[in-house]
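Biologist: Please take me through this model, beginning with the terms.

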Amino acid sequence: MTQPIDAQILLSLYFQILRIRRIEEKIVELYPQQEMRCPVHLSIGQEAIAVGVCQSLEASDYVLSNHRAHGHYLARGGDLKRFFAEIYGKESGCSKGRGGSMHLIDLSVNFFGSTPIVGSSTPVATGVAFAERYLRQKTVTVIFIGDAVVEEGVFHESINFAVLRQLPILYVCENNLYSVYTHLRDRQPRREISSLAQAHGAFTLTDDGNDAVKVYASSKRAVEHIRQGKGPAFLELSTYRWREHCGPNYDNDIGYRTTKEYEDWRKQDPLENLQGSLLSQGVLTHGKIDQMEKTARLEIDEAVKFAKSSAFPKGPVQESDVYAN
Ligand SMILES: Cc1ncc(C[n+]2csc(CCOP(=O)(O)OP(=O)(O)O)c2C)c(N)n1
Ligand SMILES: [Mg+2]
């Protein structure tokens with residue numbers, strides 16, 4: 001039986017999902033102004049995964065991510081002002097305005113970065129775990145990957161090496177069924193994604209990625225396994241992207257997914273479902289929700305103001321902070 005979860009943790013899960021949702025909705029609202037010039041891959045609908053997993057970590061652990069990185073950066077505690085400034089291409093951004101939405105990094109919270117080439121951050125994360133093991137640290141490194149990453153050779157090389165060396169790494173696979181417009185059934189044979197990790201010898205769990213409480217519990221189990229020195233774990237979480245693959249709009253009109261499929265998944269809203277459950281348990285009240293909404297709104301408005309009023313990078317910046325090309 002699963003242990004009951006502390007009310008403070010439940011409230012934190014709820015607030016963080018709410019906060020990330022409102023932050024990305026702000027991006028949706030402001031994107032048409034065309035001041036954010038980078039592509040954005042929104043995580044609306046998938047927030048419970050970032051929040052549940054990060055809740056199970058210690059401050060000393062490491063997190064890496066991919067092109068759909070907002071939720072991961074924010075759930076890990078990445079600075080919100082520097083987040084918006086980055087998306088606005090400003091020098092005060094978390095990547096000095098050079099990276100945009102797909103290249104977020106905040107070393108102060110051990111968020112070791114996101115890169116958009118599919119699968120590319122997987123060996124980097126595996127290397128971080130290798131370094132930590134080598135230095136005899138007790139940390140866990142988490143890498144968030146999409147379902148398409150298991151189609152990249154580098155994923156298999158990485159997890160093979162991680163199992164061989166029993167590295168302290170957690171691969172979190174957000175299975176949202178799609179790689180851009182292509183459904184999983186048209187890309188992979190009929191088998192569970194998790195079976196691939198199992199075949200490599202990793203400790204494997206699967207769960208409902210739209211239920212933050214389940215995500216948290218599964219992630220905690222995986223992290224405990226890793227911290228006991230038993231080697232890597234792979235957590236496959238089912239979820240669904242609500243908006244277009246890239247950008248602030250919807251793309252259901254293209255016809256690559258059915259209205260029924262989309263609406264069925266919309267009913268599994270990680271925010272509303274958690275809200276309903278916490279209200280019925282008496283952990284959350286409508287007063288608390290209003291308070292949280294206000295707190296998030298004020299913080300977001302401040303951060304956007306900061307980003308908009310920040311300066312663009314000055315002078316020739318192409319060669320500064322470049323370590324390889
Ligand atoms: C190596 C590589 N191939 C193709 C692309 C183009 N691309 C960007 S995101 C993406 C889909 C990735 O799907 P998934 O990993 O499931 O993440 P999701 O977008 O569903 O969150 C693709 C094919 C890329 N960035 N890198
Ligand atoms: Mg996907």
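Modeller: Buried means under 20% relative accessible area, exposed over 50%, and partly exposed in between, with a 1.4 Å probe and protein chains only. The model is predicted, so local features need pLDDT of at least 70 and side-chain atom pairs pLDDT 80 or more, while totals for chains, interfaces and linings use all residues. Residues are numbered from 1 along each chain as its sequence is written, chains are lettered from A and ligands numbered from 1 in the order written, and side-chain values use heavy atoms, leaving out hydrogens and water.

Biologist: Then how does Phe161 count?

Modeller: Phe161 counts as partly exposed, at 29% relative accessibility. Phe130 is likewise partly exposed, at 32%.

Biologist: How many aromatic pairs are there?

Modeller: The count is 13 aromatic pairs. Rings of Phe, Tyr and Trp (its six-membered ring) pair if their centres lie within 6.5 Å; planes under 30 degrees apart are stacked, over 60 edge-to-face, and the rest tilted. Phe130 and Phe161 form a tilted pair, with 5.6 Å centre to centre and 50° between the planes. This pair links helix α5 (residues 121-134), which holds Phe130, to helix α6, which holds Phe161, 31 residues apart. Helices (H or I, at least four residues) and strands (E, at least two) are DSSP runs, numbered from the N terminus.

Biologist: And what about Tyr181 and Tyr256?

Modeller: Their ring centres are 4.9 Å apart and their planes at 55°, so this pair is tilted. Tyr181 is in the loop between β5 and β6 (182-183) and Tyr256 in the loop between β8 (233-238) and α9 (259-266), 75 residues apart. Tyr181 is partly exposed at 41%, whereas Tyr256 is buried at 14%. Ring pairs join both to Tyr178, Tyr240 and Trp265 in a cluster.

Biologist: New topic: what are the protein donors of the magnesium ion (ligand 2)?

Modeller: They are Asp147 (OD), Asn176 (OD1) and Tyr178 (O), lying 2.1 to 2.2 Å from the ion. Donors are N, O and S atoms within 2.8 Å of the metal (3.2 Å for Na, K and Ca); water is not among the atoms, so sites may look incomplete.

Biologist: Are Asp147 and Tyr178 buried or exposed?

Modeller: Both are buried.
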